[in-house]
Amino acid sequence: MKYVFLIVSLFLTCTTASGQIVVRGGTVGTAVATPKGLEKNTPVEGKEIDKSKVVVVYSYSCKTQNADGQDVTDRSRFVLQVGNKVNKFYPYDQYLQNFEFEKVTDKNLSMEDLSTARSLSIPDVWTNYPEGKVTTRDAIFPNFYETETKKPTIKWDLKDGTSEQCGYTCNEAECEFHGKSWKVYYTEEIPTTAGPWKLGGLPGLIVSATDAEGIHQFKLELLENVSTPILLETVASVIKVSEKKLMDYKKEIYGNPKYLKDAYHYVPDWQSHIESLQVFQPSKGTGTISVNDGKFFLPTEPHAYQPLELQ
């Protein structure tokens with residue numbers, strides 16, 4: 001029998017087959033053991049704002065520590081839809097649920113860690129939506145938060161020479177962005193200025209990006225010419241805040257030492273916000289708790305917060 005314990009007075013028992021989640025004397029939702037693939041879910045509703053020309057899948061890794069101070073690496077995958085006007089960066093599992101997954105899925109890619117993406121505190125990013133702006137959306141239980149900022153002009157230091165990266169002839173570039181130094185490789189063989197997360201503005205697709213501390217890394221895994229709708233998902237309500245206010249709020253929540261022991265430490269009467277729970281526990285690595293039918297995701301074993309941006 002497998003056990004998953006989240007210290008917020010919430011005790012979850014997960015069997016090796018489908019079982020029940022016990023929540024302080026009540027039973028809510030279903031526990032799911034190691035899913036071999038994604039369950040067939042209803043696509044989310046949203047407003048179509050563009051169509052992709054290219055779909056890029058990036059692996060993502062983050063070096064951090066667990067509650068015992070041991071070094072661990074969180075891993076997941078994200079997708080970048082490159083459109084005619086708008087680019088969208090968000091978790092790969094959501095993309096697969098929204099669209100025909102046979103068209104874009106490399107059969108050699110493991111599906112095991114896909115559901116972890118939304119528990120890593122990385123927002124969905126729409127670049128050039130609205131025109132000239134960047135929109136980000138964070139799902140921080142129990143609310144959605146959205147920022148809208150001017151599209152940044154990143155000052156890149158372009159390096160001489162080329163090298164082979166991810167199967168493409170690439171150039172190297174470095175920048176300072178939101179308080180962190182980044183080294184990236186980009187290829188002019190893919191004519192777009194796009195890249196993972198908020199990085200971009202080079203004369204070619206960014207195929208890999210690593211911060212100077214070696215904490216965060218994005219690396220291209222799959223690229224296909226696929227036309228799929230780029231959506232702005234519909235949510236019941238969203239709190240619009242400034243970029244700095246959201247950055248500070250995330251540090252306050254995830255950067256608090258209490259988070260490693262109590263993922264809901266910042267939410268008074270958190271039980272009243274929970275309607276359903278579902279646990280995804282892979283055969284290796286930390287699992288994920290899906291709250292309220294996938295609106296929010298939390299890790300079963302929170303790790304130390306490693307922000308992508310510091311200022």
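Q: To start with the overall picture, how many helices and strands does the protein have?
A: The secondary structure of this predicted model comprises 2 helices and 21 strands.

Q: And what share of the residues is buried?
A: Of the 311 residues in the protein, 52% are buried.

Q: What about contacts between residues at least 24 apart?
A: Taking the contacts between residues at least 6 apart in sequence, 57% join residues at least 24 apart.

Q: What does Trp197 touch, not counting residues up to four places away in sequence?
A: Trp197 touches Phe89, Ile122, Pro123, Val125, Phe177, Trp182, Phe218, Leu308 and Glu309.

Q: On to the aromatics. Which residues form the aromatic cluster?
A: One cluster is formed by Tyr60, Phe78, Phe89, Phe177, Trp182, Trp197 and Phe218.

Q: And how many aromatic pairs does the structure hold?
A: There are 15 aromatic pairs in the structure. One of them is the tilted pair of Tyr145 and Tyr249, with 5.4 Å centre to centre and 55 degrees between the planes.

Q: Where in the chain are Tyr145 and Tyr249?
A: Tyr145 is in strand S10 (residues 143–150), while Tyr249 is in helix H2 (residues 243–254). The two are 104 residues apart, and the pair links distant parts of the chain.

Q: Is Tyr145 buried or exposed?
A: Tyr145 counts as buried because its relative accessibility is 9%. Tyr249, in turn, is partly exposed, with a relative accessible area of 24%.

Q: Why is the pair of Tyr254 and Tyr305 tilted?
A: The planes of the Tyr254 and Tyr305 rings are at 55 degrees, so the pair is tilted; the ring centres are 5.5 Å apart. Tyr254 lies in helix H2 and Tyr305 in the segment after strand S21 (296–299), so the pair ties together parts that are 51 residues apart in sequence. Both Tyr254 and Tyr305 are buried.

Q: New topic: Gln81. Where is it placed?
A: Gln81 is in strand S6 (residues 71–83).

Q: Why does Gln81 count as buried?
A: Gln81 counts as buried because its relative accessibility is 0%.

Q: What polar contact joins the side chains of Gln81 and Tyr90?
A: The side chains of Gln81 and Tyr90 are joined by a polar contact of 3.0 Å. The Gln81 side chain also makes a polar contact with the side chain of Thr228, at 3.0 Å.

Q: What else is Gln81 in contact with?
A: Leaving aside neighbours within four places in sequence, the contacts of Gln81 include Ser52, Val54, Val55, Lys88, Tyr95, Phe99 and Pro229.

Q: Where does the charged end of Lys88 sit?
A: The charged end of Lys88 sits over the ring of Tyr90, 3.9 Å from the ring centre.

Q: Now the cysteines. How many disulfides are there in the whole structure?
A: A search of the whole structure finds 0 disulfides. For Cys170, the nearest cysteine sulfur is that of Cys166, 6.6 Å away. Cys170 counts as buried because its relative accessibility is 1%. Cys62 is also buried, with a relative accessible area of 7%.

Q: Lastly, is Glu275 buried or exposed?
A: Glu275 counts as exposed because its relative accessibility is 65%. Glu275 lies in the loop between H2 and strand S19 (277–281). The C-alpha atoms of Glu275 and Asp293 are separated by 8.3 Å, with the two residues 18 apart along the chain.

Q: And where is Glu301?
A: Glu301 is in the segment after S21 and is partly exposed, with a relative accessible area of 47%. Glu301 and Ile289 are 9.7 Å apart in space, C-alpha to C-alpha, and 12 residues apart in sequence.

Definitions and conventions:
Residues numbered from 1 in each chain as written. Predicted model: local features only at pLDDT ≥ 70, side-chain atom pairs only at ≥ 80, totals over all residues. Heavy atoms only, no water. Helix = DSSP H or I, 4+ residues; strand = E, 2+ residues; numbered from the N terminus. Buried < 20%, exposed > 50% of the residue type's maximum accessible area, 1.4 Å probe, protein only. Polar contact = N/O pair within 3.5 Å; in protein donor to acceptor, adjacent residues only side chain to side chain. Contact = heavy atoms within 4.5 Å. Phe/Tyr/Trp six-rings, centres within 6.5 Å; stacked < 30°, edge-to-face > 60°. Lys NZ or Arg CZ within 6 Å of the ring centre and 35° of its normal. Disulfide = S-S within 2.5 Å.
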